[in-house]
Amino acid sequence: MTWRDPRIVLVPVDFSAAAKAAVREAVAFTGDARRVHVTHILQPMTPNTPGVIWGDVDEATRRKNVVEALHKDLPYEDMQLHVRFGDPGREIAELADELDVDLVIMPSHGRSGLPRLLLGSVAERVLRLSRRPVLVLRHHALTEGEQD
C-alpha cells in the first residue's frame, strides 16, 4: 500500500460545506465509497445539560440523530459512519488507529488569529496526535465555486 493507493480512508465531518467536499475528494481519491469511513465527534453531555435533566436526550439518541443526518447529507450508501463522543482531535486519531486506516483526509476551515486561538484547530490536533498520515485540504480549494 502506498499513500496513493489507500485501502481505508477516514474523513472527519462537521456538516460544513468544506467537510462535504472532503468526503467527495476521499471518494474520488479511493474510487470506492466503501473504502471511506466518515466520523462525526460530539461533545459529551454534562449532567446539567437540559436534555439530561429532563431525561429526553441521551448519547444513543444523539448518535442516532447524527447517523440519520449523515445519511441525508452524504449521497453514498456504502460508506461507513462512526459517531463518537469526546475531544475531536483525540477521538479522530484514536479511531484512525482502531480502524487501521491508511490515510486521514480532513478539511481545514482556514481560521486564523483569535478565532483559531479560542476554538483551537482540530486539524492541527489530529496532525499532532495521529500515528497515521493526515492530508489536510485547504478550505478555499474545497469550497471554491460551491453554493452550499
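Which residue in β4 does V9 stand opposite? V9 stands opposite L103. This is a predicted model, in which local features need pLDDT of at least 70, side-chain atom pairs count only at pLDDT 80 or more, and totals for chains, interfaces and linings use all residues. Residues are numbered from 1 along each chain as its sequence is written, and side-chain values use heavy atoms, with hydrogens and water left out.

**View 1. The whole protein chain has 7 helices and 5 strands.** Helices (H or I, at least four residues) and strands (E, at least two) are DSSP runs, numbered from the N terminus. Along the sequence they follow the pattern β-α-β-α-α-β-α-β-α-α-β-α. Of the 148 residues in the protein chain, 38% are buried, meaning under 20% relative accessible area, where exposed is over 50% and partly exposed is in between (1.4 Å probe, protein chains only). Among contacts (heavy atoms within 4.5 Å) with a separation of 6 or more, 75% are between residues 24 or more positions apart.

**View 2. The 5 strands form an open sheet with parallel pairing.** The strand order is β3-β2-β1-β4-β5. Two strands pair if DSSP finds at least two bridges between them, and β1 and β4 are joined by 2 bridges. β3 and β5 (134-137) stand at the edges with a single partner strand each, so one side of each has no neighbour in the sheet. Neighbouring strands are turned by 25° against each other on average, direction ignored. Helix α4 (residues 88-99) lies across β1, β2, β3 and β4 and runs at about 135° to β3. Axes are lines fitted to C-alpha atoms, for helices over the stretch in contact, and angles run from 0 to 180 degrees between N-to-C directions.

**View 3. Helix α1 covers residues 17-30.** Its 14 residues reach 20 Å from the first C-alpha to the last, close to the 20 Å expected at 1.5 Å a residue; the expected span is 1.5 Å times one less than the number of residues. Buried residues of α1 include A18, A22, V23, A26 and T30. Just after α1, G31 takes a positive phi of about 80°.

**View 4. The largest nonpolar core has 21 residues.** A nonpolar core is a set of buried Ala, Val, Leu, Ile, Met, Phe, Trp, Tyr and Cys residues joined through side-chain atoms within 4.5 Å. V11, V13, V23, V36, V38, M79 and I105 touch the most other members. Two or more residues each come from β1 (9-12), α1, β2 (36-42), α3 (59-73), β3 (80-85) and β4 (103-107). α1 gives the most, with 5 residues. Leaving aside neighbours within four places in sequence, I105 is in contact with V9, L10, V11, P12, A22, A26, F29, L135 and L137. A second, separate core of 10 residues includes L95, V101, A123 and V126.

**View 5. F15 and D100 are found in loops.** Most residues other than glycine have a negative phi. F15, in the loop between β1 and α1, has a positive phi of about 70° although it is not a glycine. F15 is partly exposed, with a relative accessible area of 30%. D100, in the loop between α4 and β4, has a positive phi near 55°. D100 is partly exposed, with a relative accessible area of 39%.
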